[in-house]
Amino acid sequence: MAPVDDNKLTGLVAATFTPLTSQGEINLMEIGPYIDYLIEKQGIKNIFVNGTTGESVSLSVAERKSLANEWCLKARGKMDQVIVHVGCMSLKDSQELARHAAQIGASGIAVIAPSFFKPSTAEVLRTFLQEIAAVAPTLPFYYYHLPAVTDVKVPAREVLQNIEKLIPSFRGVKFSGSDLLDFGQCVSCSPPHWSLLYGVDEQLLAGLVLGAHGAVGSTYNYLGCHINNLISAFNRGDLIQARSIQFQLQELLSYAIKLGFDLGVNKQLMIEVSGLSLGPPRLPVRPCPHSYAKEIAHKYHTIFL
Ligand SMILES: CC(=O)N[C@@H]([C@@H](O)[C@H](O)[C@H](O)CO)[C@@H](O)CC(=O)C(=O)O
C-alpha cells in the first residue's frame, strides 16, 4: 500500500460487504478468502472498506477498527490500495478511526458528510473534513459524496473549492451521485493528482465520458471482470462494446430493483455468485429471502454468461 502522492487511485474499486457470522458478529476469518476471490475471479486490485456497502453506520467503532485492520493485513502485498471509510456522525469517532487507519497502513481514508446534524454550507462541511484529515495528515484523503443517502445538499463542486489549502492530503472524491453537472464540474476543477471516482455503477459509462479516473461500487464485487472489460473498451474507443456491458449491468439492476433491491439483496447476490460465507446483513437491513436471491442470481448468470 502506497504513501501519499505515490499512487493515484484509478480503475475499479470494490466497495466491500462486511462478513458477519450467522449470529451477526463480524467474521474476520472470511476476509482473506474474500480478498483472494476479488483478485482471482474479479480482477479487482483496490477496495473501499467500511463504507455504505460495508454497513459502517451499523458497526461499532471497535468493530470498524478490527475490520479495517484485517482488510489491510490480508490485502498487504496482494491489493494495490485499501481505502478505509472513517466517516461517522461523531467527529471524535471519525478522528479515532482516521488515526487508527494511519497506524495500520491503510492506503487512504474517506469521509462521508454527517447526516443527522447536517452541514448546511460547503464551509462547515470542509471544516468537518479538515478536522478529521488533520489527525492523519500522511494519508490520502477522499471526500465521499452520497447526497441521496445523507440528504446533504451541498454540491460536491463547492466542497472542493480551495480544499487543498485546508487539507494538504486531499486526493479526490468518491462521487456517488447522479448529478452529472456537479460531477463534470468536479472533474474540470480538479488538479491532475486528484482521483475522481464515480460511484453509481449503473451509470459508470457516463462518468467515464466526463473524465472519471475510476469507480467505487458494490456491484464490482461480483461484476469486476465484466466492468473491467467495459473500462478497457472505453479506453480503446470501443463505445459499442462499452455500452453493451453497461446495458447488461443496467438490465440486471433494473430487474433486481423491480423485485426490491436493497443492501440485504445485494449482499445475498454476492454470496450466491461468489460462494463466500458473508452472513446476513445487520438490522435495520433485513436478510434477503433465499429464493429471491436465487432468482436474481439466475438472472445474473443469464445476462453474464
Ligand atoms: C448508495 C450505494 O450503496 N451506492 C453504491 C453503488 O455501488 C450502488 O450499490 C450501485 O450503483 C447499485 O445501485 C456505492 O456507491 C456505495 C459505496 O461505494 C460504498 O459502499 O460506500
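Colleague: Which residues does the UniProt annotation "active site" cover?

Modeller: This is a predicted model. The UniProt annotation "active site", from an unreviewed entry, covers Y144 and K174. They are spread over 31 residues of sequence, but they cluster in space, with a largest C-alpha distance of 4.8 Å.

Colleague: Where is Y144 found?

Modeller: Y144 belongs to strand β5, which comprises residues 141-145.

Colleague: Is Y144 buried or exposed?

Modeller: Y144 counts as buried because it has 26 C-beta neighbours inside 10 Å, and the cut-off for a buried residue is 20 or more. Setting aside residues up to four places away in sequence, Y144 touches H85, G87, A110, V111, I112 and K174.

Colleague: And in which strand does K174 lie?

Modeller: K174 lies in strand β6, residues 170-175. K174 is buried as well, since 29 other C-beta atoms are within 10 Å.

Colleague: Changing topic, which residues does the "binding site" annotation cover?

Modeller: In the unreviewed UniProt entry, that annotation covers T53 and V216. They span 164 residues in sequence, yet no two of their C-alpha atoms are more than 10.6 Å apart, so they gather at one spot.

Colleague: What is the place of each in the fold?

Modeller: T53 sits in the loop between β2 (46-49) and α2 (61-75), whereas V216 is part of strand β8, residues 214-217. T53 counts as buried with 24 C-beta neighbours inside 10 Å, and V216 counts as buried with 29. Leaving aside neighbours within four places in sequence, V216 is in contact with V13, A15, F48, K174, L197 and G199.

Colleague: Which residues come nearest to the ligand?

Modeller: Of the 16 residues around the ligand, A15, G51, T53, G199 and G217 come nearest. By class, the shell has 6 nonpolar, 8 polar and 2 charged residues.

Colleague: One more topic: which residues of helix α13 are buried?

Modeller: The buried residues of α13 are A293, I296 and Y300. They cover an arc of only 65° around the axis, so they are on the same side of α13. An α-helix has 3.6 residues a turn, so residues three or four places apart point the same way.

Colleague: What do the buried residues of α13 pack against?

Modeller: They pack against α11 (239-259) and α12 (263-274). On the other side of α13, S291, H298, H301 and T302 are exposed.

How values were computed: Residues numbered from 1 in each chain as written. Predicted model: local features only at pLDDT ≥ 70, side-chain atom pairs only at ≥ 80, totals over all residues. Near = placed C-beta within 6 Å. Nonpolar A, V, L, I, M, F, W, Y, C, P; charged D, E, K, R; others polar. UniProt positions renumbered as here; feature names shortened; annotations may be inferred. Helix = DSSP H or I, 4+ residues; strand = E, 2+ residues; numbered from the N terminus. Buried ≥ 20, exposed ≤ 12 C-beta atoms within 10 Å, placed from the backbone. Contact = placed C-beta atoms within 7 Å. Arc of directions from axis to C-beta.
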